Amino acid sequence: MSDGLPLPRRLLAIGALGCGSALVIIDGTIANVALPTIARDLGVASSAVVSIVTVYQVTLVMLLLPFSGIAERIGLKRTYQAGQIVFTLATLLCFFAESLPFLLIVRAMQAIGAAGVLSVSSALIRQTYPARQLGRGLGINAVVVTSAAAAAPTIGGLVLAVAPWPWVFACTIPPALISLVLGRWLPDPAPRLTRLDLPGAIMCAAMFGLIIGGAESFVHGDSPVVSAAVVAAGAVIGWFFVRRELGIAAPILPVDLLARPIIALSAIGNLTAFMASMTVLVSTPFRLAALGFTPAQIGTCIAPWPLTNMFVAPLSGVLSDRVPAGILGGIGMAVTLTALALLATLPADPGLLDVAWRMALCGSGFGLYLSPNARLVVGSAPPHRAAAAGGLISTLRLTGQTIGATLVAALLAGGVGTGAVPPLVAAGLALVAGLCSVARLRPSMRSPDIAEIREEVPTLRQPR
């Protein structure tokens, strides 16, 4: 197999991956600005309409790893294109929704399609770029994801200013069609002809769905006892699931990859870094509102984060092809810790500039950390497990963001979510991510080959 795709096919594949990643990220958050309008038009309570967002997030987290396992067996390109088709059809159905139940069903369908796309994006990036440019490719993808997430609220607001709320969903159809057309030039590595672990896929989805859904219901639900029972059920299924996966040659939950200390440390760092970033991004608007900032001023203060990230992420991706990820990640988290400490100690009466430059510093720190971290995980995995590594990265990102948002909701409910506590909590999480990054610099922290993995985890020696 050649080292990456030849030009100009590589550029067409990059365009397909960029459009695909952007549209599924945009659709995950673009509905936020339309929720009040949807609630009014459909005649439902505001608390009920929030499920339009949560059903998308939970379904996506539930299916990313199972779809990564499916992709390894049926093909990366086929999974990506099938996901795009399902996503586009579901988006078209959103346009015709006239009731909340129907809208929730098609939003779940959207998430199914998005899971097919995101589960293989990192693996396809690895196949698209030459190995020496993998960090650059992941950095560019990080810019696309960050830019899409930052642009989603603005796009949604502009659409609502000139059209009814169904057009908020319909506006993502053009990039979906473009991605589908360009997808014919995606790399198409041969799939592995092995049996799909269907029971494992079901247990994986149930574990994430119950734990994350139960955790969110703690904050948004009416019965803590029921919420605790749901989380406990997910934890029990997870215990049996992990034990079962240890005996699988190519597990849905990539315990074979997590058996490598360098990937395990990167996974922990990735999870805590996304928890920290979401804690700050969700809590800061509430804090600024309590200080008297208008919505427009709040948007202006937060905008430097994604804007800075857009420049730093590709730069750190290029550097990660030459500089160890442990060094880049350590520097990134040191910058982030400094920025979070400065956010926690804002002046009593801050101005726009006081907040904006601190947010820019946060964005640069996280941008310096995340791209090299993703490169290390994807690059350390064997080629036939690249989809599993990519699914792991996406799952950790979404799980970290969901936990971070839930953590902020809990802090707000406890009366400490509008002050210095959220950035201090985020600083603690960033410290964990930084320590994980620096620990990877130890000489013993290298990537063993599959034979060594099977020696370290004997139960992985024979496939079931």
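**Helix packing and contacts**

A: Helix H4 (residues 51–74) and H6 pack with their axes 7 Å apart, at an angle of about 35 degrees. Keep in mind that the model is predicted.

Q: What is the handedness of the crossing of H4 and H6?
A: The crossing of H4 and H6 is right-handed.

Q: And which residue classes make up the contact of H4 with H6?
A: The contact of H4 with H6 has 19 nonpolar residues, six polar ones and one charged.

Q: Why quote both an angle and a distance for packed helices?
A: Because two packed helices are described by the angle between their axes and the distance between the axes.

Q: OK, another pair. At what angle do H13 and H18 cross?
A: Helix H13 (residues 261–290) and helix H18 (residues 386–413) cross at roughly 40 degrees, and their axes come within 7 Å. That makes H13 oblique to H18.

Q: Is the crossing of H13 and H18 left-handed or right-handed?
A: H13 passes H18 in a right-handed crossing. The residues of that contact divide into 16 nonpolar, seven polar and one charged.

Q: Stay with H18. Is H18 mostly covered or mostly uncovered?
A: H18 is mostly covered, with 21 of its 28 residues buried.

Q: How far apart are the end C-alpha atoms of H18?
A: The end C-alpha atoms of H18 are 41 Å apart. At 1.5 Å a residue, the 28 residues should span 40 Å, so the two values agree.

Q: Where does Ala420 lie?
A: Ala420 lies in the loop between H18 and helix H19 (421–439). Ala420 has 27% relative accessibility, so it counts as partly exposed.

Q: How far is Ala420 from Phe102 in space?
A: Ala420 and Phe102 are 41 Å apart, C-alpha to C-alpha. In sequence, the two are 318 residues apart.

Q: Back to H13. Is Asn270 in that helix buried or exposed?
A: Asn270 is found in helix H13. Its relative accessibility is 4%, so Asn270 counts as buried. Asn270 and Ala142 are 128 residues apart in sequence, and their C-alpha atoms are 13 Å apart in space.

Q: New topic: charges. How many salt bridges does the structure hold?
A: The structure holds two salt bridges. In one, the side chains of Arg107 and Asp27 meet at 2.9 Å, N to O.

Q: Which parts does the Arg107 and Asp27 pair tie together?
A: Arg107 lies in helix H6 (residues 100–128) and Asp27 in helix H1 (residues 9–29), so the pair ties together parts that are 80 residues apart in sequence.

Q: Are Arg107 and Asp27 buried or exposed?
A: Both Arg107 and Asp27 are buried.

Q: Which side chains meet in the salt bridge at 3.6 Å?
A: The side chains of Arg40 and Asp41 meet in that salt bridge, at 3.6 Å from N to O.

Q: How exposed are Arg40 and Asp41?
A: Arg40 is exposed, with a relative accessible area of 59%. Asp41 is partly exposed, at 45%.

Q: What lets side chains pair up like this?
A: Side chains of opposite charge can pair when their charged atoms come close.

Q: Let's look at H1. Is Leu11 buried or exposed?
A: Leu11 is found in helix H1. Leu11 is exposed, because its relative accessible area of 54% is over 50%.

Q: And is Ala22 buried or exposed?
A: Ala22 has its place in helix H1 too. Ala22 is buried, because its relative accessible area of 18% is under 20%.

Q: What C-alpha separations go with Leu11 and Ala22?
A: The C-alpha atoms of Leu11 and Ala325 are separated by 26 Å, and these residues are 314 apart along the chain. For Ala22 and Ala276, 254 residues apart along the chain, the C-alpha separation is 22 Å.

Q: Last one. What kind of peptide bond joins Leu7 and Pro8?
A: A cis peptide bond joins Leu7 and Pro8, with omega about 5 degrees. Pro8 lies in the segment before H1. In general, most peptide bonds are trans.

Definitions and conventions: Residues are numbered from 1 along each chain as its sequence is written. This is a predicted model: local features need pLDDT of at least 70, side-chain atom pairs count only at pLDDT 80 or more; totals for chains, interfaces and linings use all residues. Side-chain values use heavy atoms; hydrogens and water are left out. A salt bridge is a side-chain nitrogen of Lys or Arg within 4 Å of a carboxyl oxygen of Asp or Glu. Helices (H or I, at least four residues) and strands (E, at least two) are DSSP runs, numbered from the N terminus. Buried means under 20% relative accessible area, exposed over 50%, partly exposed in between (1.4 Å probe, protein chains only). Axes are lines fitted to C-alpha atoms, for helices over the stretch in contact, and angles run from 0 to 180 degrees between N-to-C directions. Angles under 35 degrees count as roughly parallel, over 145 as roughly antiparallel, 65 to 115 as roughly perpendicular and the rest as oblique. A crossing is left-handed if the near helix is turned anticlockwise from the far one by less than a right angle, and right-handed if clockwise. Ala, Val, Leu, Ile, Met, Phe, Trp, Tyr, Cys and Pro count as nonpolar, Asp, Glu, Lys and Arg as charged, and the others, Gly among them, as polar. The expected span of a helix is 1.5 Å times one less than its number of residues.
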